[in-house]
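Please keep the 3D view open as you go through the points.

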Amino acid sequence: MCAEIEKIKQQMQSLRTEIEQHNHQYYALDDPVIPDTEYDKLFARLQQLEQAHPQLITVDSPTQRVGASPLKEFSQIAHVVAMLSLNNAFVDEDVEAFDRRVREVLLSNSVEYMAEPKFDGIAVSLRYEKGIFKAGATRGDGYVGEDITLNLRTIHSIPLVLPPDHSPLLLEVRGEVLMLKADFLALNERQVRMGEKIFANPRNAAAGSLRQLDSTITATRRLAFFAYGVGEFDDPDLPRDKQSHMMDYLASLRFPVAKEAKIVSGVEGLLSYYQSIGSQRENLSYDIDGVVYKVNAVLDQEKLGYVSRAPRFAIAHKFPAQEALTQVLDITVQVGRTGALTPVARLQPVFVGGVTVTNATLHNIDEITRKDVRIGDTVVVRRAGDVIPEVASVIIEKRLQQAQIFHMPSHCPVCHSHVVRYADEAVFRCTGGLFCPAQRKQAILHFASRRAMDIEGLGEKLVEQMVDHAIVRTPADLYKLGLTALANLQRMAQKSANNILQAIEESKHTTLSRFIYALGIRNVGETTAKDLAKYLGSLDRLMTISDVQLQQIPDVGPVVAQSIVNFFAEQHNQEVIEQLRASGIHWEEHEGQSPQSDAIKPLSGKTFVLTGTLSGMSREQAKEKIAMLGGKVSGQVSKKTDYVVVGIDPGSKYDKAVSLAVTLLNEDEFMALLQDHQQ
């Protein structure tokens, strides 16, 4: 028996040591190495052992105090009223047990609670004397915190002086400092521009900002404060009947409070509030990791009292963990509809965010390098709402010697076409656009679209059916379709099938620019396709031209030129194009036009933007008329724009043109300009 007790004692001491180390990482260094959920598991295990063996509880156990000791660099402030943390509830049964304990003590059938979001920030205390902000501190170990007064003074949502008609001798306001989601994104963008370390999440950003030794740095970070309670006080106006009235009073003193707080009754009200806030979570301006329930009546709070580290009248109901630890078993690559290759971590299954996660996105090779993710690593996986799980960080301390560095493949794992990475992109892409099975649906939809081959009736649902039933594998298969195959598809009658076949037949007579655009070459839009057809005149020239020669064409730069060369260098694409031409698709070709010949055209060098609807011609006809006279049509208004043609119901381009003083032409003026320059 003694040996068993000694073993349990050693286990408890090991847990205490590990928890204290994580406390130091989290509270003192603002650099946690494990997710909150893993910490909660360690803490809960220690609590279970201490409850089973109360004689083994030590005064220095983490369960007997809160947080960690303050940093030596800061002076210290003692909390006259201890800043205790809350016990946690993780499932509905925990909440039901909490409500039952409260009712048993209060001898009540139903209890009124104040429910509010649980901020994911840094707990602080603000001390006001005669209405003036005198001092502020972190929670610290719950009894002594760090003096961060100067840093707190930089937070605009914290009043430096209370309203003159409410200047109590003493009021200590408890609350949370955090960083709003929008401010967090802006901060990380700035960190990237400056080449500085980016923050993992808003809480870490807030902690790192709040506990700067230099308050001028804190002042550059947009921090927010929300009040949730009161500590020490000498204020006759402070309501002492209900928690909710106390919060209303703090709001009247201009302290921000959670607008989502609500008074509820009984366990049904608590769980209903939990579900409601959970559904709003992603749309809130700040991060929360659960909700807090407090008995609303202050006298009842006093009757319920405290345990060693937490009040009996309140509890935190936490959301399912959004982060968890697991191992990367492998890294593979998924090919998207546009040919983008996305590396994916194959994980040891782990329960996170309410579901079992086996895969997590790694975004791109730059992210893998920045986070230094290797096969075999122990990692933190994050999942928020319906967002695809991602690998947030690596636990370097747990890295195995045999961990392997990942390299992007040189060939597509789906179709084995070459993989390229363009200079302006972070992603790698498959070059087999017309052939790759992963890109089939997208390639066929684009090929048949109105501005490409204009095959009327060939919409997304029909294309999905044709690809899923293996009727069509490449755009060339469209021209091999028979009536029976089409008519047997869902929601396709014989008449509809005939109409589709007729549209496919009519599409065979097209233009070179439409065909080039229909191929879906990366970075080749409609305008570039027209330029390629105009200056080269034939598809064969386009398929054999070098990237250097391509760059002689106006507006074709190195990236576009390389995209074209890579596309036609892929044997799979050449085979599909050969099949398309053999099916009867044809267009008029010519000798091509020298780029220099544009210089003598009347609108050479002029850039037009079209906005609104023209009554006398379509937008496509307007573009063609401008191009015939040597002009260029752009989709965006800038200082380099020469004319903005304004039709009926113009959009925001009109407003921007006015702000930039760009010349505006109504439809009559535009027609007159074209007429004046007709050759």
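**Notes for a first look**

1. Let's begin with two helices. The crossing of α12 and α13 is right-handed. Please bear in mind that the model is a predicted one. Helix α12 covers residues 440–448 and helix α13 covers residues 460–468; their axes are 10 Å apart and the packing angle is about 135°.

2. Next, the salt bridges, of which the structure holds 28. One of them joins the side chains of Glu 50 and Arg 16, at 3.2 Å from N to O. This pair links distant parts of the chain, with Glu 50 in helix α2 (residues 36–52) and Arg 16 in helix α1 (residues 2–28), 34 residues apart. Both Glu 50 and Arg 16 are buried.

3. Strand β10 deserves a visit too. Asp 289 forms a salt bridge with Lys 118, and their closest N and O atoms are 3.3 Å apart. Asp 289 sits in strand β10 and Lys 118 in strand β3 (residues 112–119), 171 residues apart. With 12% relative accessibility, Asp 289 counts as buried. Gly 290 also lies in strand β10 (residues 288–295), and Gly 290 is buried, at a relative accessible area of 0%.

4. For contrast, look at Glu 591 and Arg 541, a salt bridge whose closest N and O atoms are 3.4 Å apart. Glu 591 is in the loop between α21 (571–582) and β21 (607–611), while Arg 541 belongs to helix α18 (residues 539–544), 50 residues apart. Glu 591 is exposed, with a relative accessible area of 69%, whereas Arg 541, at 31% relative accessibility, counts as partly exposed.

5. Some charged residues form a network: salt bridges link Asp 372, Arg 374, Asp 377 and Arg 399.

6. Which residues form a nonpolar patch on the surface? They are Ile 132, Leu 160 and Val 161, with about 240 Å² of accessible area together. Ile 132 is in strand β5 (residues 132–138) and counts as partly exposed, at 38% relative accessibility.

7. Finally, two loop residues to check. Lys 130, in the loop between β4 (122–129) and β5, has a positive phi near 55° without being a glycine; at 60% relative accessibility, Lys 130 counts as exposed. Asp 649 is not a glycine either, and has a positive phi of about 55°. Asp 649 is in the loop between β23 (643–646) and α23 (652–659), and counts as exposed at 68% relative accessibility.

Note on methods:
Residues are numbered from 1 along each chain as its sequence is written. This is a predicted model: local features need pLDDT of at least 70, side-chain atom pairs count only at pLDDT 80 or more; totals for chains, interfaces and linings use all residues. Side-chain values use heavy atoms; hydrogens and water are left out. Patches are made of residues with over 30% relative accessible area and no salt bridge: like charges are joined within 9 Å, nonpolar side chains (Val, Leu, Ile, Met, Phe, Trp, Tyr) within 5 Å. Accessible areas come from the Shrake-Rupley method with a 1.4 Å probe; for residues, only the protein chains shown count as cover. A salt bridge is a side-chain nitrogen of Lys or Arg within 4 Å of a carboxyl oxygen of Asp or Glu. Helices (H or I, at least four residues) and strands (E, at least two) are DSSP runs, numbered from the N terminus. Buried means under 20% relative accessible area, exposed over 50%, partly exposed in between (1.4 Å probe, protein chains only). Axes are lines fitted to C-alpha atoms, for helices over the stretch in contact, and angles run from 0 to 180 degrees between N-to-C directions. A crossing is left-handed if the near helix is turned anticlockwise from the far one by less than a right angle, and right-handed if clockwise.
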